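Trainee: I have the sequence and the coordinates open. Can we go through them residue by residue?

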Amino acid sequence: MKHGKNPTRKQKEMLKESGLDPENWLVVKNTTGQLQLIHRTTGSQRVILHG
């Protein structure tokens, strides 16, 4: 499993819009259409689509 990085300010705003707490999520991959995340404590993965 890849190690995540702390989200940037814009990524934190996207997380808040999606109803997630930015303090609990790490960014694994940021492509033009999606943001792949890993939860800090549980390790669960989630993908957010943005445009």
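This is a predicted model: local features need pLDDT of at least 70, side-chain atom pairs count only at pLDDT 80 or more; totals for chains, interfaces and linings use all residues.

Trainee: With which residue does the side chain of His39 make a polar contact?

Mentor: His39 lies in strand β2, residues 34–39. Its side chain makes a polar contact at 3.1 Å. A polar contact needs N or O atoms within 3.5 Å. The partner is the side chain of Thr41.

Trainee: Is His39 buried or exposed?

Mentor: The cut-off for buried is under 20% relative accessible area. His39 has 16% relative accessibility. Therefore His39 counts as buried.

Trainee: Which residues form the positive surface patch?

Mentor: Patch members need over 30% relative accessible area and no salt bridge. Lys and Arg count as positive. The patch is formed by Arg9, Lys12, Lys16 and Arg40.

Trainee: Now the segment before α1. How far apart in space are Lys5 and Ile38, C-alpha to C-alpha?

Mentor: Lys5 is found in that segment before α1. At 64% relative accessibility, Lys5 counts as exposed. Lys5 and Ile38 are 33 residues apart in sequence. In space, their C-alpha atoms are 9.4 Å apart.

Trainee: Where does Gly19 lie, and what is its relative accessible area?

Mentor: Gly19 lies in the loop between α1 and β1, the latter being residues 25–30. Exposed starts over 50%. Gly19 is exposed, with a relative accessible area of 63%.

Trainee: What separates the C-alpha atoms of Gly19 and His50?

Mentor: Along the chain, Gly19 and His50 are 31 residues apart.

Trainee: On to Arg46. Why does Arg46 count as partly exposed?

Mentor: Arg46 has its place in strand β3, residues 45–49. Buried means under 20%, exposed over 50%, and partly exposed lies in between. Arg46 counts as partly exposed because its relative accessibility is 42%.

Trainee: What separates the C-alpha atoms of Arg46 and Gln36?

Mentor: Arg46 and Gln36 are 10 residues apart along the chain. Their C-alpha atoms are separated by 6.0 Å.

Trainee: One more in strand β3, Val47. What separates the C-alpha atoms of Val47 and Asp21?

Mentor: Val47 is partly exposed, with a relative accessible area of 47%. Val47 and Asp21 are 26 residues apart along the chain. Their C-alpha atoms are separated by 14 Å.

Conventions. Residues are numbered from 1 along each chain as its sequence is written. Side-chain values use heavy atoms; hydrogens and water are left out. Patches are made of residues with over 30% relative accessible area and no salt bridge: like charges are joined within 9 Å, nonpolar side chains (Val, Leu, Ile, Met, Phe, Trp, Tyr) within 5 Å. Accessible areas come from the Shrake-Rupley method with a 1.4 Å probe; for residues, only the protein chains shown count as cover. A salt bridge is a side-chain nitrogen of Lys or Arg within 4 Å of a carboxyl oxygen of Asp or Glu. The place of a charge is taken as NZ of Lys, CZ of Arg, CG of Asp or CD of Glu. Helices (H or I, at least four residues) and strands (E, at least two) are DSSP runs, numbered from the N terminus. Buried means under 20% relative accessible area, exposed over 50%, partly exposed in between (1.4 Å probe, protein chains only). A polar contact is a pair of N or O atoms within 3.5 Å; within protein, one must be able to donate a hydrogen and the other to accept it, and residues adjacent in sequence count only if both atoms are side-chain atoms.
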